[in-house]
Amino acid sequence: MCCSGVYMEQDIIISIKNLSKAYKLYNSPKDRLKEALFPFLKPRHTDYYALNNVSLNIKKGETIGIIGKNGSGKSTLLKIITGVLTPTSGEVKVNGKIAALLELGAGFNPEMTGIENVYMNGIIMGYTEEEMDKRIDKIIEFADIGEYVYQPVKMYSSGMFARLAFAVAINVEPDILIVDEALSVGDMRFQIKCMDHMKKMMDSGTTVLFVTHDINAVRRFCSRAVWINEGSFTKEGDVNMVADAYLDYLKLGEFAFEENVEQNEHTDSDKDLPAFVHSDTIADIVGFHIYNQHGSLTNDIMYDEPVTIEVIYDVFDENIESPVLGIALRSIDHDYICGINTLLDKVEIPWKYGRNRFHVKFIHGILATGGKYYFDAALFDKTATVSFPYKAMVSFVTVSSSYVGEGRYIIPHKWS
Ligand code: ADP
Ligand code: MG
């Protein structure tokens, strides 16, 4: 091994190490000027970290989705990888040719013609002029913008611009393709052509970094995802796991997410149940257990895994006629997914003074799409109207799902 630089494993095509990008923020243009004129006085800027110490290794052939809300640092990361921006600290090693579709305009010179820009891009990627001569016809044909290829790029509409950028990026056989929210440009037939081409590139082993707001497109195309929030990686790993967590965050926000969800995450076991203590009320729900198909207590289930719910309740007043037990499943943003009760199902529940237990089995699993959910549980009068106790959020559950459908719920189905 050589003595200089970072050792790169053979199958790692992009290695990002402790990367940060700080922008100087000034309160006013005057401050910026003062700082430039008097560099020895107290600095007038504050550092704003668009990227804050992120590290990531990307293997050859991986398709990585990068998600996060606006301003989280996605484009900054891609621009540093492509070399359009220099980092403040940290390093990026790239082991191959990159073609990038960055935010509109980046990487093109507005004064040069379309063709000149194509050559310039090719040469930046490491191709010779002769090598680009061989590709230029294919690129022009793919872009399909007519005589405009001979005009300066500043005269292009955003659609024409995107066509040319895409035509270059996917016709130069890059090792790495970087796409920053560029898929919604152009007309429908052009989009189909691009997707078709991108899919072929992915299948033939091109490494792809993909930024989009379309989380389901990330699920469709990527095996791995990174969620960036305020310049840091919040989660990284299996695409569905990261996408589920990000969507939960969008639904509820960070604060509520941590406060409410993680605290309730612990799994009750019988030994954590309170002792039975008489009360003058009618009844109380004291436990709510979720068992997987192996009989283990859990708060993490697969969407299609059979689960059994146990509700443990103390009865203080035996003289209640035909009491009803109900449970509800709600999404983290409080959408009512499913409510069932023993009145609707015409089932009687045990009602003896002291501790009682009753179970319901979700035979086919809860069939909800991935993400966090919670249960409410309640005991009611015989009309299921008056609740003795109504316990909201008695238990949280994280549902994992392969990418088998979108929305809230997977309806059991068969195509023909
Ligand atoms: P994303 O692509 O995730 O929407 P960006 O990477 O474009 O986010 O931006 C990350 C943050 O850096 C944003 O808060 C943005 O305002 C800031 N930023 C980007 N470019 C500059 C710049 N030239 N000067 C100061 N701040 C910038
Ligand atoms: Mg961006």
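I count a residue as near a molecule if one of its heavy atoms lies within 4 Å of it. The model is predicted; local features need pLDDT of at least 70 and side-chain atom pairs pLDDT 80 or more, while totals for chains, interfaces and linings use all residues. Residues are numbered from 1 along each chain as its sequence is written, chains are lettered from A and ligands numbered from 1 in the order written, and side-chain values use heavy atoms, without hydrogens and water.

**Entry: ligand 1**

I looked up the residues around ligand 1 and found Tyr23, Tyr48, Ala50, Lys69, Asn70, Gly71, Ser72, Gly73, Lys74, Ser75 and Thr76. Helix H2 (74-82) gives the most to this shell, with 3 residues; strand S2 (45-59) supplies at least two. Helices (H or I, at least four residues) and strands (E, at least two) are DSSP runs, numbered from the N terminus.

I then checked polar contacts (pairs of N or O atoms within 3.5 Å). An oxygen atom of ligand 1 lies 2.7 Å from a polar backbone atom of Gly71, and an oxygen atom of ligand 1 lies 2.8 Å from a side-chain N or O atom of Lys74.

**Entry: aromatic pairs**

I found 14 aromatic pairs, that is, rings of Phe, Tyr and Trp (its six-membered ring) with centres within 6.5 Å; planes under 30 degrees apart count as stacked, over 60 as edge-to-face and the rest as tilted. Phe210 and Phe221 are edge-to-face, at 5.9 Å centre to centre and 80° between the planes. Phe210 lies in strand S7 (residues 207-211) and Phe221 in helix H7 (residues 215-221), so the pair ties together parts 11 residues apart in sequence.

Key:
Polar contact = N/O pair within 3.5 Å; in protein donor to acceptor, adjacent residues only side chain to side chain.
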